[in-house]
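Here are some notes to read beside the structure. Please keep the sequence at hand and find each residue as it comes up.

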Amino acid sequence: MTPRTSSTARLRRILIAVAAAAALIIAPLTAAHAAPAPATDLDDTCAVLRVGSGSNNYVTRGSVGYGTSGTASAATKVRFEATDLGRYRLVDHKGGVLYLSVVNTVMPGSSYGDRADWAITRDGSTYQITATNYGKRIGSFLGGLVAANGTFTFVPATGCAGVADVATNVSGTPQPAVNADGTLNGFIDAHTHITAAVGFGGKMRCGTPFHPGGVEEALKGCLSHSAIGASGYTGALIAGTDPFMDYKGWPTFKDWPTPTTLLHEQAYWKGIQRTWQSGERVMNALLVANRVICEVYPDKVTSCNEMEQLRLQAQYLVDMQDYIDAQSGGPGKGFFRIAKTPADVRAIAAQGKLAVIVGVENSELFGCRQILDVPQCTTAQIDAGLDELQSWGVSNIYPVHKFDNAFGGTRFDSGTQGAAVNIGNKVSTGNFWQVESCPTAAHDNEQPLRSDLIAGLLSTSGLPAGTVVPVYPNGPVCNVRGLTDLGRHLVDRAMDRGIMINIDHMSVKTADAVLKVAEERGYPGVLTTHTWSDRSMIARIANVGGFVASYANAAFDQDGREGFVDEWRENRAAAAPGAIPAYGFGSDVNGLGAQAAARAGAASDPVVYPLTALNGVTLGKYTVGQRTYDVNVDGVATYGLQADWTVDVVHAAGADGALLKQQLMSGAEHYVRVWQAAIAW
């Protein structure tokens, strides 16, 4: 029997080769026919595939590729996993991933790739399957599954192979997303960077919030981020990542994510889904860019121009919405909805879904940097830039971020990070930060360069020869730079359009000037969303009708970071009674800012799983791959624990817990009211 089997195998290989050659002629004929409608509702379908209308034309898996002459009982069962709207990866009963080989035969592979992505269209009860990236339909030729103009019927089946997935572990019935009086019922994360994976040149971060190949591809490790990778040590310098940690991700996650692994993805979409299921009504997705960091990082695939980075992320956010729709049954069916107006937010909330609003946080908005005090943009560029942002649905902007720019001065970073960012300021503007004595108690962050010895050491750290490093005085200092004429133009035009203005990251002098404009003009659209403003500004923001949120740190002060509950209490005390009717938090997830550490004292006073979320659902522990997270131990290692964190801070607030819960669950409504007021102003 062995010789006969071998001959059969050889004959089959010859037939497949003939089919491959014929496919080069047959496949292009598809261009002459009108394409049927995309099939967008097949995700998680289990079926067997029948080619044409014959009773024994089912797809079977053989020793070499797939045959098309099988019976229904012998057919391979195929699972459809959406990669985008109308696109799928196909997984056979043995876990093989169907792909189009270079000789135009369909073969089983071990993982997803560009040849394993299939566009599926529907024409009545039949389907066409086309290799997405190669434009070749597949069908039957000489008994093999190859590139050919085939049509298929999908016959429902059971017993398909499983695929890797992440469960949110949320159960129970939530409170309504909209109260009886029409107000939103839920919290807001007012500061996230869920599109950062394609920012900073596109390679600085390891992992993505979604991937057509599923979680195994989205959260796999990156050798480049390890000690033997080209970018490992640069990453350590930028974000404090340990280059010697275990770089592997899915499924073990031995060393990442943690609250401080800042170059590794922390907002996988299933974690966002878990937090939405637990009461998040609005997420502010800030597109983020920094040209200097991008240029320093050695590995990149996209432009470092900040506006180009923002454009890529605006599209990526749409792609993310489409992917989640594809995973949910088709266009508009996903929980993740981009909102361009307050009316959009309310309509999305009425459907019980998450409204994702768009903001911008970067250092050279519209290219408006300054070089040796000379602005690099004009008012016409600013106006055109605002037009473009509005076309993306941007609702809020940061005129100033990490560096001084043509709009105004920055609020210094502190500590050793401040020294590094100051070098970036030198690279961006040609100047180091310049300081002066502060005229009031308000001040920018202190600087670590306080002696000629430290300055001398820093001057040997890669700066050009002859660079004179400044030495700063002890104690509080203020940036000499305030709001410029171009900055005033930006602020005025943004106000005219109802675009809200974040004063975080502005120097005290710049923020004071912006608030004076808002006070003089009666403009309410002023925000602080992640603890980057002097507390003296809080009452003024509240008094003009703006919105206040704090960095989502652990509940109480620890490790040099201000506690969320502590800051909430202090901000409310700083404002007039009732001036802060609701509250938000800013996680800064994926934004090169540490997430909340496990609360000190959690071991002796933990929140106990299963948790009752702020909207009444039950939260079990969040598991990704082989790792199960506990907010008492892991803090907010990944966004899937952000909901657990809201329970923890309310618990930690003790007697104030009921008020904090009420203010958080009113946060989304208050933010939308501020936005509405800014537009109506």
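1. In helix 18, the buried residues are Gly-667, Ala-668, Glu-669, His-670, Tyr-671, Val-672, Val-674, Trp-675 and Ala-678. The model is a predicted one, and this applies to every point below. An α-helix has 3.6 residues a turn, so residues three or four places apart point the same way. With that in mind, compare the spacing of Tyr-671, Trp-675 and Ala-678, which are among the buried residues of helix 18.

2. The largest nonpolar core has 133 residues, and within it Leu-365 and Phe-366 touch the most other members. Helix 6 is the largest contributor to this core, giving eight residues. Leaving aside residues up to four places away in sequence, Leu-365 touches Glu-306, Met-307, Leu-310, Val-360, Leu-389, Ile-397, Tyr-398, Phe-407 and Leu-490.

3. How many aromatic pairs does the structure hold? The count is 20. One of them joins Phe-210 and Tyr-323, whose ring centres are 5.3 Å apart with 35° between the planes, a tilted pair. This pair links distant parts of the chain, as its two residues are 113 apart. Phe-210 sits in the loop between strand 15 (187–192) and helix 2 (215–218), while Tyr-323 belongs to helix 6 (residues 306–326). Both Phe-210 and Tyr-323 are buried.

4. The pair in point 4 is part of a cluster. Ring pairs connect Phe-210 and Tyr-323 with Tyr-268, Trp-269, Trp-276, Tyr-316, Phe-335 and Phe-336.

5. Two arginines are placed over aromatic rings. Arg-115 lies over the face of Tyr-134, 4.2 Å from the ring centre. Arg-561 lies over the face of Tyr-551, and here the distance to the ring centre is 5.0 Å.

6. Is Ala-579 buried or exposed? Its relative accessible area is 19%, and buried means under 20%, so Ala-579 counts as buried. Ala-579 lies in the loop between helix 14 (564–574) and strand 27 (584–586). Apart from residues up to four places away in sequence, Ala-579 touches Ala-542 and Asn-543. Gly-546 is 33 residues from Ala-579 in sequence, and their C-alpha atoms are 9.4 Å apart in space.

Terms used:
Residues numbered from 1 in each chain as written. Predicted model: local features only at pLDDT ≥ 70, side-chain atom pairs only at ≥ 80, totals over all residues. Heavy atoms only, no water. Phe/Tyr/Trp six-rings, centres within 6.5 Å; stacked < 30°, edge-to-face > 60°. Helix = DSSP H or I, 4+ residues; strand = E, 2+ residues; numbered from the N terminus. Buried < 20%, exposed > 50% of the residue type's maximum accessible area, 1.4 Å probe, protein only. Lys NZ or Arg CZ within 6 Å of the ring centre and 35° of its normal. Contact = heavy atoms within 4.5 Å. Core = buried A, V, L, I, M, F, W, Y, C linked by side-chain atoms within 4.5 Å.
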